[in-house]
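Me: I have not worked with this structure before. Please walk me through it, with a close look at one part.

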Amino acid sequence: MELLDKLAVLADAAKYDASCASSGSVKRDSSDGQGLGSTDGMGICHSFTPDGRCVSLLKLLLTNHCQYDCLYCVNRVSSNVPRARFRPDEVVQLTLDFYRRNLIEGLFLSSGIIRSPDYTMEQLVEVARSLREDHAFRGYIHLKTIPDAAPELLARAGRHADRLSINLELPTPAGLQALAPEKDATGIRRSMARMHLLIEDAKQAAAPLAPRAGASLKPARVAPPRFAPAGQSTQMIVGADAADDRTILATSHTMYASYGLKRVYYSAFSPIPDASKQLPLQAPPLVREHRLYQADWLMRFYGFDADEIVPASSGLLALEVDPKLAWALAHRERFPVDINRAPRELLLRVPGLGVQTVERILQSRRVRRLRNEDLKRLRVSLKKVLPFVVTADHTPRRQLDDPALAHRLAPVPAQPSLFDA
């Protein structure tokens, strides 16, 4: 196949990988006149950073040939799809060419399993090694690693990549055994644990040394071995098996707590051609994936426990309202919250108040009692917040007892206009 034909097949085949954020790495550039590329440690694939820059990654599979027969995967060995395969040097050249044309800022590379996990992992590592060592590429590199590969290959990958990811695939070992029996849930978690130790060892090596007696008080810093500075992530398919949202979030909580993951990505199951009868006929609603991301955010930044976000009775997140609002409506006895006196932990549970807004409220109330107008200056949605808070000039009275409160606060879906402000 011609190179462009391969690119068409393998870029399209990579669209099912959601875990391609280019955030969290160390800052690097080529302003010294050496090397090529840069990364500023922030940004997300095919999106816009807060300062308006569009940051993108070249997102590819090394090959969509695969010896595994995972029922949910369009690239499984029994699937009737066009196949293609890049050589490592072709991926290297594509990355450099796209970068020089100012089209990308980094590379996200995954692959089907060919010959063996070790052989496939060697090919992936060779791409990263060549970019770093042969071409002094300083842009962002994310490698999707093969959990069954030898530990030394995973260690080599971390020396060249900014972020590594190992897909958990499905929320439960039982689901993985049913839909991907050739994959080992225990082996996947073992590889995550090994990667976590390597990342932590690199962080420890970067820690400042205690000063010796009689030496300068400024601690010496040892140049650490570079190892996956943006950490590791994983991805779970939502809706391919019977796991409910409560189970999915419990698994995510375990991933964050046990393996220090930077992100857990949720990918709504997409029906594939010639699908197995074990798979659902329809994809789950995309809003379910969205609600899982919102719930994940609550666990990571708002102090919520996994088991309190999702009702035990249904095991599913509400689709019509966001998880934070759903929790507040189910726990109305905890409100209203006094904006001028409540601790940070309680303010974070008020619908409509984000982490940065809460920090600004805590700073502002040191010098004055906050009123509705102050919240408005902080760009708080008063419609969403006022039923749950007390300010210097507002008390919600019996708004919390209104049975139609959820309906009033739920956003009304609307197609935005091209000319909306």
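Predicted model: local features only at pLDDT ≥ 70, side-chain atom pairs only at ≥ 80, totals over all residues.

How many helices and strands does the chain have?

Reply: Residues are numbered from 1 along each chain as its sequence is written, and side-chain values use heavy atoms, with hydrogens and water left out.

The chain has 15 helices and 10 strands. Of its 421 residues, 48% count as buried. Buried means under 20% relative accessible area, exposed means over 50%, and partly exposed lies in between (1.4 Å probe, protein chains only). Among contacts between residues at least 6 apart in sequence, 67% join residues at least 24 apart; a contact here means heavy atoms within 4.5 Å.

Now to H3. Axes are lines fitted to C-alpha atoms, for helices over the stretch in contact, and angles run from 0 to 180 degrees between N-to-C directions. Angles under 35 degrees count as roughly parallel, over 145 as roughly antiparallel, 65 to 115 as roughly perpendicular and the rest as oblique.

Ala, Val, Leu, Ile, Met, Phe, Trp, Tyr, Cys and Pro count as nonpolar, Asp, Glu, Lys and Arg as charged, and the others, Gly among them, as polar.

H3 also packs with helix H4 (residues 151–160), at an angle of about 25° and with the axes 9 Å apart. H3 and H4 are therefore roughly parallel to each other, and their crossing is left-handed. H3 brings Asp118, Met121, Glu122, Val125, Ala128, Arg129, Arg132 and Glu133 to this contact, and H4 brings Leu153, Leu154, Arg156, Ala157 and His160. The residues of the contact of H3 with H4 divide into six nonpolar, one polar and six charged. An α-helix has 3.6 residues a turn, so residues three or four places apart point the same way.

H2 has another neighbour in helix H1 (residues 3–13). In H1, the residues Lys6, Leu7, Val9, Leu10 and Ala13 are buried, and the buried residues of H1 pack against strand E3 (57–61) and H2.

The loop between H3 and strand E5 (140–144) holds Ala136. Ala136 has a positive phi of about 50° although it is not a glycine, and it is partly exposed at a relative accessible area of 29%. Most residues other than glycine have a negative phi, and most peptide bonds are trans. Arg397, in the loop between strand E10 (389–390) and helix H15 (405–409), likewise has a positive phi, near 50°. Arg397 counts as exposed, at 74% relative accessibility. A cis peptide bond runs from Phe335 to Pro336, with omega near 5°; Pro336 is found in the loop between helix H10 (323–330) and strand E9 (337–338).

Two further residues are buried. Ser252, in helix H7, has 0% relative accessibility and counts as buried. Leaving aside residues up to four places away in sequence, Ser252 touches Met236, Val264, Tyr266, Asp296 and Met299. The side chains of Ser252 and Tyr266 make a polar contact at 2.8 Å. Such a contact is a pair of N or O atoms within 3.5 Å; within protein, one must be able to donate a hydrogen and the other to accept it, and residues adjacent in sequence count only if both atoms are side-chain atoms. Asn340 lies in the loop between E9 and helix H11 (344–347) and counts as buried at 12% relative accessibility. The side chain of Asn340 reaches the backbone nitrogen of Leu370 at 2.6 Å.

Methods. Helix = DSSP H or I, 4+ residues; strand = E, 2+ residues; numbered from the N terminus. Left-handed = near helix turned anticlockwise from the far one by under 90°.
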